[in-house]
Amino acid sequence: MVHAVVGAQFGDEGKGKMVDYFAVQADMVIRYQGGGNAGHTIVNEYGKFALHLVPSGIFNPKTVCVLGTGVVIHPMNLVKELRTLQEAGISTDQLVISERAHLVLPYHVWQDRYEEQVRFAKVGTTLQGIGPAYQDKTGRFGIQMGEMLDLEHFRRRLEEAFRLKLEKMPGMRETSGSFEEMWEELMAAREVLLPHIRDTLPLVRQAVESRQNVLLEGQLGVMRDLDWGVYPFVTSSNPISGFTSVGAGIPPTAIRRVTGITKAYTTAVGEGPFPTELHDAVGEHLRDRGGEYGATTGRPRRCGWLDLPSLRYGAWLNGYTDLALMKLDVLSGLEEIRVCTGYALDGQVHDLPLPAHRLEKAVPVYDTLPGWHEDVSNCRSFHDLPANAQAYVQYVERQVGVPVKYVSVGPERSQTIVRS
Ligand code: IMP
């Protein structure tokens with residue numbers, strides 16, 4: 001069965017934990033978009049990891065982990081990540097990299113910084129070179145992983161790309177490294193990555209046709225989708241489930257299940273509208289109790305109440321068959337819990353989509369629910385939860401119109417309540 005796991009908010013919802021949870025029974029996990037901007041935090045018997053590029057199925061030695069064609073890869077950073085995993089005793093042999101995935105190169109990282117400096121309104125990117133790498137991909141200047149196989153060809157392509165970058169951004173000459181430095185680093189990374197690079201389509205096709213369990217691991221969430229998110233404060237790829245087909249190489253009709261991952265509240269890193277953001281003690285409570293600091297950049301995350309318009313919007317765009325409600329434990333101790341049901345703007349109540357510059361001005365309309373004080377991190381069944389916590393979960397699924405099948409009450413795999 002093909003099962004997509006996608007972000008229902010601004011990213012950081014806990015997709016890593018849930019993919020790790022589902023991966024125990026997966027034959028294959030495929031990352032289909034994004035790159036090292038991801039920070040999928042996983043806590044399991046091997047320790048605590050923040051995966052950036054490697055699919056979250058890597059901890060199961062029987063799971064083939066694919067970096068699909070829609071992903072962009074910084075080779076040196078990927079090698080570092082593989083080393084960290086190997087040092088913790090985890091085999092990375094089952095990693096397969098699409099020959100069509102694009103390279104993120106040092107000049108993309110430079111360009112990301114440069115563009116953030118000169119922009120009128122900063123996006124607040126992770127400065128990992130993701131946007132510039134996708135720009136080159138669509139501009140047909142990009143270089144694919146498979147091009148590394150033929151050294152002579154690769155060098156020619158890279159020289160051309162480097163020359164063009166310097167022509168477009170002369171400032172790069174002074175502050176970024178030389179071509180030869182980049183070449184040397186790439187050659188070292190190439191040694192490690194070469195055995196993993198291949199045409200992934202036959203492998204993926206075989207897995208789908210033989211009805212294996214295939215997990216599609218999204219990065220970020222619908223609100224940062226290039227087309228449907230709060231443009232321009234978005235990433236440069238499409239996290240929504242429709243893109244799994246493109247980025248993994250799977251027919252849309254093969255996708256049977258889409259699990260939307262949402263926190264029990266909302267967080268975001270980076271700039272742009274976030275109507276339910278809190279700048280008060282409740283916001284602090286969520287940040288402290290939730291450990292809300294970026295896994296890739298360490299930035300404190302912006303925190304706020306749950307936002308139903310974005311969940312309903314995502315339910316349409318992604319076609320959720322079920323939801324996982326994460327970090328319910330973080331809400332313990334709040335007297336009351338508010339949930340945004342719509343946005344007041346120009347005398348009307350709106351739903352999404354709204355253009356970012358209008359959403360900036362929107363005032364959330366709230367429902368207020370009673371909170372609970374009990375620690376729920378040891379609850380293992382839905383009926384163990386305090387009545388108000390159960391009511392909160394039921395309220396969310398009623399409002400979104402999608403069953404909440406999983407409730408997460410802590411970072412460990414075992415801290416996951418499955419509802420039948
Ligand atoms: P970029 O993907 O680095 O270009 O950043 C674009 C937007 O997506 C910015 O708002 C980032 O903060 C946000 N973003 C990128 N990756 C992540 C992530 O893994 N978690 C949360 N936000 C992210």
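Start with the helices: the axes of α3 (residues 106–118) and α5 (residues 151–168) come within 11 Å and cross at roughly 20°. That makes α3 roughly parallel to α5, a term for angles under 35 degrees. The axes are lines fitted to C-alpha atoms over the stretch in contact, with angles from 0 to 180 degrees between N-to-C directions. The crossing of α3 and α5 is left-handed.

A word on the source. This is a predicted model, where local features need pLDDT of at least 70, side-chain atom pairs count only at pLDDT 80 or more, and totals for chains, interfaces and linings use all residues. Residues are numbered from 1 along each chain as its sequence is written, and side-chain values use heavy atoms, with hydrogens and water left out.

Which residues meet between α3 and α5? From α3, Tyr107, His108 and Gln111; from α5, Leu158, Ala161, Phe162 and Lys165. Contact here means heavy atoms within 4.5 Å. The residues of this contact divide into 4 nonpolar, 2 polar and 1 charged.

Now strand β1, residues 2–7. Is β1 mostly covered or uncovered? Mostly covered: 6 of its 6 residues are buried, that is, under 20% relative accessible area with a 1.4 Å probe. Val2, Ala4 and Val6 point one way from β1. His3, Val5 and Gly7 point the other way.

Next, the partners of β1. Strand β11 (residues 255–263) pairs with β1 in the parallel sense over 6 bridges. Strand β10 (residues 214–221) also pairs with β1 in the parallel sense, over 5 bridges. Pairing needs at least two DSSP bridges. Look at Val5: it stands opposite Thr259 in β11 and opposite Glu217 in β10.

Conventions
Helices (H or I, at least four residues) and strands (E, at least two) are DSSP runs, numbered from the N terminus. Angles under 35 degrees count as roughly parallel, over 145 as roughly antiparallel, 65 to 115 as roughly perpendicular and the rest as oblique. A crossing is left-handed if the near helix is turned anticlockwise from the far one by less than a right angle, and right-handed if clockwise. Ala, Val, Leu, Ile, Met, Phe, Trp, Tyr, Cys and Pro count as nonpolar, Asp, Glu, Lys and Arg as charged, and the others, Gly among them, as polar. Buried means under 20% relative accessible area, exposed over 50%, partly exposed in between (1.4 Å probe, protein chains only).
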